Amino acid sequence: MPPKRAASSKRKAEPPSEAEEDSRASESDAGSNHSYSDAEPAAKKRKTAAKPKAKAGGAKGKGKAAAAKAKAKAKDPDAPPDPDAQPTNKVLPEHISFAPKVEGTVRIATWNICGLAAAQKKGFKYYVEAEDADILILTETKVNNEPVDPALTERYSHRYWAISDKKTYSGTAILSKVQPLSVDYTLPGHPDASAVKGRIVTLEFKSCYLIGTYVVNAGTGLKTLDAKKEWNKHFEAYIRELDKKKPVVWTGDLNVAPTALDLANPKTNWNKTPGYTEAETSSFARILNASGEEADAPKFVDMWRKLHPDLRHYTYFSYRFNCREKGLGWRLDTFVVSERLEERVKMCEIRSEIYGASDHCPVVLELAGPL
């Protein structure tokens, strides 16, 4: 990602994500890095960007398709709404509802909230109440101390916050209605404990492990790709070791778009933009081990992609350049499960309608049987 451009007066009202903050600091770390190449065509037309535009989300399609839909809508304002369109509100509505969870399942949700304090001002609690997940994983919390938020403390008896040494930076939390057998905040084997702190929480339950991560980003200009490789090397070993004991559910902001289907502009971003390089996608593929090339290694399943093999739905849209309206997104947040858990998964969906409190959307999974 090139150096951050000067923000307009309108953008000043938006709280910066961690990556936007880091473009002014020494390290880049959040999903916002991923949007810049996607949004570059829009940047060249900034002089006309202030003209009114019809809203068009098109999370299933690429940017060009979404733009075409917007033009069509502008020509015919009385046309029926596009079923693929995404809401572009800046705060969440007070009234949110979801279908009840499948009977006999545990609902697990993950959400990169781009700063808890900022999200709380934009309707965070309305999503928490509506989802009512049995376990909620939050990433990029940016908290300096364990927060006392009634929306969380009254709902979740068991709360585990991984907090970075760096102020208002990174941060991962798992909030659970079910008490775990054990809790771990480390990544075994990683030589730099400070680089891990705030990025991982592992809960052990009777039937499985649950890992929540806010994975290291490869950084502006891929300057921290080596740090990402270091993380990936140890994480690959870690998840495989856990799987030898019990099946694993891994979720959070994984900071990788696994395939060309998982971002709007794959060709222009390949090996240029953090989250979509050969080193990062190969590491993810090795964890899945879908081909079974590593005979002694376990297999894992990217559950959202397994259930939606051809869709182009994204979990992250930069605030810059109206990326949400143009459908310029990345699928960075997901659930990966041990292959032997696959049959227990009854649902895995991106909550595309939950937009405004963060530049990411939540993802939810329902797992049959007790944890």
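Leaving aside neighbours within four places in sequence, L225 is in contact (heavy atoms within 4.5 Å) with A218, T277, A279 and E280. The model is predicted: local features need pLDDT of at least 70 and side-chain atom pairs count only at pLDDT 80 or more, while totals for chains, interfaces and linings use all residues. Residues are numbered from 1 along each chain as its sequence is written, and side-chain values use heavy atoms, with hydrogens and water left out.

**Chain overall**

- Of the 371 residues of the chain, 57% count as buried; buried means under 20% relative accessible area, exposed over 50%, and partly exposed in between (1.4 Å probe, protein chains only).
- Among the contacts in the chain with a separation of 6 or more, 72% come from residues 24 or more positions apart.

- L225 counts as buried, because its relative accessibility is 15%.
- The C-alpha atoms of L225 and E280 are separated by 8.6 Å, although the two residues are 55 apart along the chain.
- The buried residues of α8 include L225, W231, F235, Y238, I239 and L242, and also K228, E236, R240 and D243.
- The 21 residues of α8 should span 30 Å at 1.5 Å a residue, and the end C-alpha atoms are 31 Å apart, which agrees; the expected span is 1.5 Å times one less than the number of residues.

**Sheet containing β5 to β9 and β12**

- Six strands form an open sheet in the order β5-β6-β7-β8-β12-β9, with mixed pairing; two strands pair if DSSP finds at least two bridges between them.
- The edges are β5 (182–184) and β9 (300–302), each with a single partner strand, so one side of each is left without a neighbour in the sheet.
- On average, neighbouring strands of this sheet are turned by 15° against each other, direction ignored; axes are lines fitted to C-alpha atoms, for helices over the stretch in contact, and angles run from 0 to 180 degrees between N-to-C directions.
- β5 and β6 pair in the antiparallel sense over three bridges, and T202 in β6 is the bridge partner of D184.
- β6 and β7 are antiparallel over five bridges and form a hairpin with four residues between them; V201 has G212 in β7 as its bridge partner.
- β7 (residues 209–214) and β8 (residues 248–253) pair in the parallel sense over six bridges, with T213 opposite G252 in β8.
- Both faces of β6 are covered, with I200, T202 and E204 buried on one side and V201 and L203 buried on the other.
- Helix α8 (residues 225–245) lies across β5, β6, β7, β8, β9 and β12, running at about 165° to β7.
- Helix α10 (residues 278–288) lies across β8, β9 and β12, at about 125° to β9.

**Sheet containing β1 to β4, β13 and β14**

- A second open sheet of six strands has the order β3-β4-β2-β1-β14-β13, also with mixed pairing.
- β3 and β13 stand at its edges with a single partner strand each, so one side of each is left without a neighbour in the sheet.
- The twist averages 10° from one strand to the next.
- β2 and β4 (residues 172–176) run antiparallel and are joined by five bridges; L175 in β4 is the bridge partner of L136.
- Helix α5 (residues 124–131) packs on this sheet, touching β1, β2 and β14, and its direction makes about 165° with that of β1.

**Nonpolar cores**

- The largest nonpolar core has 34 residues, and I135 and L365 have the most contacts inside it; such a core is a set of buried Ala, Val, Leu, Ile, Met, Phe, Trp, Tyr and Cys residues joined through side-chain atoms within 4.5 Å.
- Elements giving two or more residues to this core include β1, β2, β3, β6, α11, β12, β13 and β14.
- Not counting residues up to four places away in sequence, L365 touches V106, R107, I108, M303, F335, V337, V345, M347 and C348.

**Residue H308**

- H308 lies in the loop between α11 and β10 (316–317) and is buried, with a relative accessible area of 12%.
- The side chains of H308 and E349 make a polar contact at 3.4 Å; this term denotes a pair of N or O atoms within 3.5 Å, where within protein one must be able to donate a hydrogen and the other to accept it, and residues adjacent in sequence count only if both atoms are side-chain atoms.
- Beyond its neighbours within four places in sequence, H308 is in contact with C348 and E349.
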